[in-house]
Amino acid sequence: MCAAAAELLEQAPPQDALRIWMDRFVDYWATKIGLTEAIGAVVAAGRDPFAQNRGRVDEAVSTLLAATAAAGVTRPEVEPDDVVVSLSGIAMVAPVLEDRDQVSRVLDLLHEGIRARP
């Protein structure tokens, strides 16, 4: 997931790379939602199962946002962690939505919301 950010930037324009990565993140994270009980047990034991990965995901989003901001596509003040939190929220509801197109539309809203304004 994290390595895909740089790979996508090599394959597509920054704005497309970001949007593709957003889809992949939600699909990936939605599969992890089924592990809620196991993750809860780890947290209850006093450990943070996301600490290392959260930093890596933030770095991946930061890479994508830096590229899109440099291209004038996204607002430079967008915080990577805010995007990650937004994507995580979308991923949490994605498995229960019957309409995958709705997930795509919500991701489009997020993507559009961080775009640079003329």
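The questions and answers below go from the overall fold to single residues.

Reader: What kind of model is this, and what is the order of elements from the N terminus on?

Author: This is a predicted model. The chain has six helices and zero strands. From the N terminus on, the elements therefore read α-α-α-α-α-α.

Reader: What share of the residues counts as buried?

Author: Buried means under 20% relative accessible area. The chain has 118 residues, and the share of them that counts as buried is 31%.

Reader: Take contacts between residues at least 6 apart in sequence. What percentage joins residues at least 24 apart?

Author: Contact means heavy atoms within 4.5 Å. Among the contacts in question, the percentage joining residues at least 24 apart is 67%.

Reader: How far does helix 5 reach from its first C-alpha to its last?

Author: Helix 5 has 14 residues. At 1.5 Å a residue, 20 Å is expected. The model comes close to that, with a reach of 21 Å.

Reader: Within what arc do the buried residues of helix 5 fall?

Author: The buried residues of helix 5 are Pro80, Val83, Val84, Leu87, Ser88, Ile90 and Ala91. They line one face of the helix, because, seen down its axis, they fall within an arc of 165°.

Reader: Why can residues three or four places apart in an α-helix point the same way?

Author: The answer lies in the helical repeat. Residues three or four places apart point the same way because an α-helix has, for each turn, 3.6 residues.

Reader: Is Val96 buried or exposed?

Author: Val96 sits in the loop between helix 5 (80-93) and helix 6 (100-113). The cut-off for exposed is over 50% relative accessible area. Val96 has 64% relative accessibility, so the class is exposed.

Reader: Which residues form a nonpolar patch on the surface?

Author: The patch has about 300 Å² of accessible area in total. Val93, one of its members, lies in helix 5 and counts as partly exposed at 41% relative accessibility. The patch is formed by Met92, Val93 and Val96.

Reader: How far apart in space are Val93 and Val26?

Author: In sequence, 67 residues separate Val93 and Val26. From C-alpha to C-alpha, their distance is 9.7 Å.

Reader: Which residues is Val73 in contact with, leaving aside neighbours within four places in sequence?

Author: Val73 is in the loop between helix 4 (51-70) and helix 5. Val73 is buried, at a relative accessible area of 12%. Its C-alpha is 8.6 Å from that of Ile114, which is 41 residues away along the chain. With those neighbours set aside, Val73 is in contact with Gln15, Thr68, Arg115 and Ala116.

Reader: How many residues apart are the salt-bridge partners Asp108 and Arg19?

Author: Their side chains meet at 2.8 Å, N to O. Asp108 belongs to helix 6 and Arg19 to helix 2 (residues 14-32), so distant parts of the chain are linked. Asp108 is partly exposed at 39%, whereas Arg19 is buried at 11%.

Reader: What is the N to O distance in the salt bridge of Asp23 and Arg100?

Author: Asp23 is in helix 2 and Arg100 in helix 6, 77 residues apart. Asp23 is partly exposed at 23% relative accessibility, and Arg100 is partly exposed at 38%. The N to O distance is 3.6 Å.

Reader: Which residue forms a salt bridge with Arg75?

Author: Arg75 is partly exposed at 28% relative accessibility. The closest N and O atoms are 3.2 Å apart, and the partner is Glu77.

Terms used. Residues are numbered from 1 along each chain as its sequence is written. This is a predicted model: local features need pLDDT of at least 70, side-chain atom pairs count only at pLDDT 80 or more; totals for chains, interfaces and linings use all residues. Side-chain values use heavy atoms; hydrogens and water are left out. Patches are made of residues with over 30% relative accessible area and no salt bridge: like charges are joined within 9 Å, nonpolar side chains (Val, Leu, Ile, Met, Phe, Trp, Tyr) within 5 Å. Accessible areas come from the Shrake-Rupley method with a 1.4 Å probe; for residues, only the protein chains shown count as cover. A salt bridge is a side-chain nitrogen of Lys or Arg within 4 Å of a carboxyl oxygen of Asp or Glu. Helices (H or I, at least four residues) and strands (E, at least two) are DSSP runs, numbered from the N terminus. Buried means under 20% relative accessible area, exposed over 50%, partly exposed in between (1.4 Å probe, protein chains only). The expected span of a helix is 1.5 Å times one less than its number of residues. The arc is that of the directions from the helix axis to the C-beta atoms.
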